[in-house]
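Work through the following exercises with the structure open beside you. Try each task before you read its solution.

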Amino acid sequence: MFQQQLVFFEVRPDRHLVDLPGYGYAKVPQELQAHWQAFIQDYFQRRESLKGLVVVMDIRHPLKDYDRQMLGYAVQRGLPAHALLTKADKLGRGQQSQTLQAVKKELFSAFGDSVGVQVFSSESKQGVDQARQVVTDWLELA
Ligand SMILES: Nc1nc2c(ncn2[C@@H]2O[C@H](COP(=O)(O)OP(=O)(O)OP(=O)(O)O)[C@@H](O)[C@H]2O)c(=O)[nH]1
Ligand SMILES: [Mg+2]
């Protein structure tokens, strides 16, 4: 099922994480993709309280058009972004670091140094502390 809502997680009063729909899948009808693309683009342009963007990408298929589009919206708006290469548990350490280096290079040439990237897995918890630190800094939670 395609998630057709923004889901707000209240970390603390006045501090939220917003889960955006990943509209870029082939299974999502073209019309719906266009709707959500326009909505999210507008959201990035208008929502003044945004502090940063976390993009969650499958480490086996990074930097899809959708990912680049989202990163572009954030960077155009002057927001920092951080990419998670998730499902790292599906790859060995060698392949993980190989992908990390390649994506790092690609992100830097496309977006400069306002976009960070790290290896991540919600399964093994690899990289969770690092990701948490990024969000803690953006939201001034510490
Ligand atoms: N092996 C592994 N599976 C994962 C990991 N993270 C998520 N998954 C699995 O991947 C599937 C999709 O995870 P979601 O977190 O719902 O991904 P999503 O991108 O939010 O999906 P949509 O909201 O439907 O676009 C689920 O079956 C998760 O259990 C991970 O780090 N490792
Ligand atoms: Mg989701």
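**Exercise 1.** In this predicted model, how are α2 and α3 oriented to each other?

Solution. Begin with the general idea that two packed helices are described by the angle between their axes and the distance between the axes. Here α2 and helix α3, which covers residues 93–111, pack at an angle of about 45°, and their axes lie 11 Å apart. An angle counts as roughly parallel under 35 degrees and as roughly perpendicular from 65 to 115, and α2 and α3 are therefore oblique to each other. Next, turn to the residues: R68, L71, G72 and V75 of α2 make the contact with E106, L107 and F111 of α3. Sorted by class, this contact of α2 with α3 holds four nonpolar, one polar and two charged residues.

**Exercise 2.** Describe how α1 packs on α2, using the angle and then the residues.

Solution. Helix α1 (residues 30–46) and helix α2 (residues 65–76) pack at about 25°, with 9 Å between their axes. Because angles under 35 degrees count as roughly parallel, α1 is roughly parallel to α2. Q37, I40, Q41 and F44 in α1 meet Q69, M70, Y73 and A74 in α2, and these residues divide into five nonpolar, three polar and no charged.

**Exercise 3.** Is K51 buried, partly exposed or exposed, and which residues does K51 contact beyond its neighbours within four places in sequence?

Solution. First locate K51 in the loop between α1 and β3 (53–58). Its relative accessibility is 47%, so K51 counts as partly exposed. Leaving aside those sequence neighbours, K51 is in contact with L79, P80, W138 and L139.

Definitions and conventions: Residues numbered from 1 in each chain as written. Chains lettered and ligands numbered in written order. Predicted model: local features only at pLDDT ≥ 70, side-chain atom pairs only at ≥ 80, totals over all residues. Heavy atoms only, no water. Axes fitted to C-alpha atoms, helices over the stretch in contact; angles between N-to-C directions. Helix = DSSP H or I, 4+ residues; strand = E, 2+ residues; numbered from the N terminus. Parallel < 35°, antiparallel > 145°, perpendicular 65-115°, else oblique. Contact = heavy atoms within 4.5 Å. Nonpolar A, V, L, I, M, F, W, Y, C, P; charged D, E, K, R; others polar. Buried < 20%, exposed > 50% of the residue type's maximum accessible area, 1.4 Å probe, protein only.
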